[in-house]
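I opened the notebook to look up charged pairs and a surface patch. Here is what I went through, entry by entry.

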Amino acid sequence: MLDGYEMYDLTQPWSQDTPAWPTYDNPKVWYEKSLDTEKVNGQKIEFMNHTGTHLDGEKHFVASGRDIEQVGLDELVGDAVVADISDKVGDYDVYTSEMIEDVCDVQKGDILFIHTGYQEYAWHRENADPDRFFSKHPGPNQEFADWCKEMEINYLLLDCGSADHPMNTVIRDIRPDLASEAEDALGVDDLDEIFPPEGYQLMHNDLFPEGIIHVENAQVPEELLNERVQIGTFPWRFRGGESSVCRCVAFK
C-alpha cells in the first residue's frame with residue numbers, strides 16, 4: 001500500500017469466459033503442461049486484444065499511430081476525474097459534454113472516467129446482459145469528441161463495451177433489429193441524422209490521431225463517483241501492439 005493512498009481496481013476479471021468485442025473471437029485458455037503429467041502447470045492463451053478491460057492504442061485505427069510501447073507511463077498515470085452520468089442516460093442515449101460538466105469539474109489534460117452505469121451488465125455481474133453492455137449502451141456524437149480535443153483530455157475510460165455509441169460501430173450493420181430499436185428510442189427515421197457516415201467510430205477515428213486514446217470495459221466503485229483521483233493504466237510493454245489488455249488502478 002502506498003502511504004496515504006487507497007488503491008481501487010478498475011479492471012474486469014479476465015478468463016476464458018470473458019467475451020471479446022462482438023465479431024471478434026472469444027479467448028481460449030488451455031494447459032500445455034499439467035501437474036498430473038509433467039509436474040508443472042503451464043497455460044497457453046489465445047485471444048484478441050479487445051477482450052475484457054483493454055487499452056485501445058492509436059495503431060488500432062491509425063497506420064502511422066504510436067504502438068502501445070510508445071505510450072509512456074507518464075501519460076498513462078495522472079490526475080483524473082470520475083464522471084457519473086448513470087442517472088442521465090439509458091439504452092441508446094447520446095451523452096454530451098454538458099452532462100459530464102454537470103457532475104464533475106473536468107480540468108484540461110485530465111484522464112476522464114465516464115461511468116454510464118452499464119458496468120452493471122458486464123459478463124461477470126449478477127445482471128449480466130451482453131446485448132445491453134455491448135450493443136445498447138449510451139455513447140457520444142461529434143459534439144463530445146470536439147469537446148475532448150478542446151479539453152486536451154489525456155485519455156478516457158469507459159465502463160461499457162465501446163467509447164463509441166454502438167450505433168456508430170459495426171453493430172448497427174450486423175444487428176438491424178437493434179438499429180431499428182435505436183431509431184425509435186432516439187426519435188429519428190435514419191440514424192445518419194445523429195451518426196453520419198463521415199463520423200463513423202469518431203472516438204477512434206477522430207481522437208486517435210490527436211493522441212486521445214481510451215480504455216474500454218473498465219469498472220469503478222460507487223465511492224469514487226464524481227471524485228478527483230489519480231488513475232494509472234498498465235498495459236503490456238507491447239512493441240508493435242495496436243492495443244493491449246491492461247490493469248487500471250485508481251489512487252485516492
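Entry 1: I started with Lys-136. Is Lys-136 buried or exposed? Lys-136 has a relative accessible area of 15%, so Lys-136 is buried, the cut-off being under 20%. I note that this is a predicted model.

Next I looked up the partner. Lys-136 forms a salt bridge with Glu-181. The closest N and O atoms are 3.1 Å apart. I then asked where the two residues lie. Lys-136 is in helix α4, residues 130–136, and Glu-181 is in helix α7, residues 176–186, so the pair ties together parts that are 45 residues apart in sequence.

I wrote myself a reminder on charge. Side chains of opposite charge can pair when their charged atoms come close.

Entry 2: I moved on to Glu-69. Glu-69 forms a salt bridge with Arg-239, and the closest N and O atoms are 2.7 Å apart. Which parts does this pair tie together? Glu-69 lies in the loop between β4 (54–56) and α2 (73–76). Arg-239 lies in the loop between β9 (228–235) and β10 (243–251). The pair therefore ties together parts that are 170 residues apart in sequence.

I looked up the accessibility of both partners. Glu-69 is partly exposed, at 23% relative accessible area. Arg-239 is exposed, at 65%.

Entry 3: I turned to Arg-66. The side chains of Arg-66 and Glu-75 meet in a salt bridge, at 2.9 Å from N to O. Arg-66 has 24% relative accessibility, so I put Arg-66 down as partly exposed. Glu-75 has a relative accessible area of 17%, so Glu-75 goes down as buried.

**Entry 4: a nonpolar patch.** Last, I left the charges aside. I looked for a nonpolar patch on the surface and found one formed by Leu-73, Val-77 and Phe-234. Together they have about 250 Å² of accessible area.

Val-77 lies in strand β5, residues 77–84.

Terms used
Residues are numbered from 1 along each chain as its sequence is written. This is a predicted model: local features need pLDDT of at least 70, side-chain atom pairs count only at pLDDT 80 or more; totals for chains, interfaces and linings use all residues. Side-chain values use heavy atoms; hydrogens and water are left out. Patches are made of residues with over 30% relative accessible area and no salt bridge: like charges are joined within 9 Å, nonpolar side chains (Val, Leu, Ile, Met, Phe, Trp, Tyr) within 5 Å. Accessible areas come from the Shrake-Rupley method with a 1.4 Å probe; for residues, only the protein chains shown count as cover. A salt bridge is a side-chain nitrogen of Lys or Arg within 4 Å of a carboxyl oxygen of Asp or Glu. Helices (H or I, at least four residues) and strands (E, at least two) are DSSP runs, numbered from the N terminus. Buried means under 20% relative accessible area, exposed over 50%, partly exposed in between (1.4 Å probe, protein chains only).
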